[in-house]
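Dear colleague,

I am handing over the structure below, and would ask you to look through it before reading my notes. What I found follows directly after it.

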Amino acid sequence: MRSRPARAFAAGLVFIGLRGSPTAQAAPPRLTVRVYDAVGVSPRERHSAEAHAAGILKDAGIAVAWRECPSELDDCVAPLEATEVIVRLVNSPGRAFVTDDLADSLGYSLVDAEEGRGWLATIFVDRIDRTARGANVTGSRLFGRAIAHEIGHLLLGLPTHAQRGLMRGRWTADQLRQNAPWDWLVSREEASAMRESLAVWRRQTTRPILITASDITADNLDDGAR
Ligand SMILES: [Zn+2]
């Protein structure tokens, strides 16, 4: 009988602790994503895709801020911040211009395995549309999942794929149709590694070299044509 009040007391402490924990918790690490849209995706579809991607990354404990580039409000000419990456939306090149690895891909990322990070991810919008139509699934959801997958590569600093979950390398039409939640999740280990990457990036002082095109002028072009 004596042990009961003690257990109740302990449980009450835990309960109070949990209720009080949100204010004590640190904010989730934040990743800023510059989105360059070379295709002209409708704002509604793009925002929906971004919301899907942000939801996946939020589940991994990462907050995403989207930065539309360039826009009326933001010319995006400043160098990338340490915790900033680029996602560009393009249509796929013709088959003659891509390697077999990229021939069917929905996107790809450039990753520096030694640095353990990437800066640039590319999404092939036309292939997203075609795949979604072929599988009869919502395009913006597939779009968002592809964005989250490529951002995952940038955060993990790995070009390799997982056996299952969002970071697997092959997505089948059946999987898209079945829409099983576990097929679109980041594993606990991956989420932890992504958050750790962001923490490391935040402490880094090195930034990518900013390459400007200010030396390319009409005069230079004229000289070259002579
Ligand atoms: Zn991949």
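**What the model shows**

The protein chain has seven helices and five strands, where helices (H or I, at least four residues) and strands (E, at least two) are DSSP runs, numbered from the N terminus. Read along the sequence, these elements follow the pattern α-β-α-β-β-β-β-α-α-α-α-α. Please keep in mind that this is a predicted model, in which local features need pLDDT of at least 70 and side-chain atom pairs count only at pLDDT 80 or more, while totals for chains, interfaces and linings use all residues. Residues are numbered from 1 along each chain as its sequence is written.

On confidence, the protein chain averages a pLDDT (the predictor's confidence in each residue, from 0 to 100) of 81, and 75% of the residues score at least 70. Where pLDDT is low, the predicted coordinates should not be read in detail.

Of the 226 residues of the protein chain, 25% count as buried, which requires 20 or more other C-beta atoms within 10 Å of the residue's own, whereas 12 or fewer make a residue exposed and anything in between partly exposed. Among contacts between residues at least 6 apart in sequence, 75% join residues at least 24 apart.

Glutamate 45 lies in helix 2 (residues 43–59), and this residue counts as partly exposed because it has 16 C-beta neighbours inside 10 Å. Leaving aside neighbours within four places in sequence, glutamate 45 is in contact with Gly139 and Ser140.

Helix 3 (residues 125–135) and helix 4 (residues 139–156) pack at an angle of about 130°, with their axes 9 Å apart; axes are lines fitted to C-alpha atoms, for helices over the stretch in contact, and angles run from 0 to 180 degrees between N-to-C directions. Helix 3 and helix 4 are therefore oblique to each other, since angles under 35 degrees count as roughly parallel, over 145 as roughly antiparallel, 65 to 115 as roughly perpendicular and the rest as oblique. Their contact is made by Ile128, Asp129, Thr131 and Ala132 of helix 3 and by Gly139, Leu142, Phe143 and Ala146 of helix 4.

Terms used: Two residues are in contact if their C-beta atoms, placed from the backbone, lie within 7 Å.
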